[in-house]
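Dear colleague,

I am handing over the structure below, and I would be glad if you could look through it alongside the notes that follow.

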Amino acid sequence: MRLDRLLWFLRLASSRSFAQDWIMAGHIRLNGRRIERTSAPVKPGDVLVLPMRDAVRVIELLAVPARRGPLAEARACYRALDDMLDEPRANPIAAGETITPEGNSPP
């Protein structure tokens, strides 16, 4: 299946044209490689890295959906690998914290 169609079927992109623009901009990684072709083939077992508005999502494709169904059906086709972290790590830049050269926040 084409990558642009998959992103739309999985409800990760609001429209297929948005998915195409997203891919053509070079923001998507498939199995660690930057993808710029909307027709890049995807199959179960592939890992996708997707920059979202507030975070980067890493998903593993479990099954190729046959249609753009409800959200629950779409989520059953992939597994989020970034949700496996024990504790969420806050982004110090987004939080407005200052980091010293030693890597610690000032008191």
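**Aromatic pairs and salt bridges**

Trp8 counts as partly exposed because its relative accessibility is 27%, where buried means under 20% relative accessible area, exposed over 50% and partly exposed in between, with a 1.4 Å probe and protein chains only. This is a predicted model, in which local features need pLDDT of at least 70 and side-chain atom pairs count only at pLDDT 80 or more, while totals for chains, interfaces and linings use all residues. Residues are numbered from 1 along each chain as its sequence is written, and side-chain values use heavy atoms, with hydrogens and water left out.

The structure holds 2 aromatic pairs (rings of Phe, Tyr and Trp, the last by its six-membered ring, with centres within 6.5 Å; planes under 30 degrees apart are stacked, over 60 edge-to-face, the rest tilted). The rings of Trp8 and Phe9 have centres 5.7 Å apart and planes at 40°, so this pair is tilted; Phe9 is buried, at 5%.

There are 6 salt bridges in the whole structure (a side-chain nitrogen of Lys or Arg within 4 Å of a carboxyl oxygen of Asp or Glu). One of them joins Asp4 to Arg16, with the closest N and O atoms 3.3 Å apart, and it links helix H1 (residues 3–9) with helix H2 (residues 16–24), the two residues being 12 apart in the chain (helices are DSSP runs of H or I, at least four residues, numbered from the N terminus). Asp4 is buried at 0%, whereas Arg16 is partly exposed at 30%, and Arg2, Asp4 and Arg16 are linked in a salt-bridge network.

Best regards
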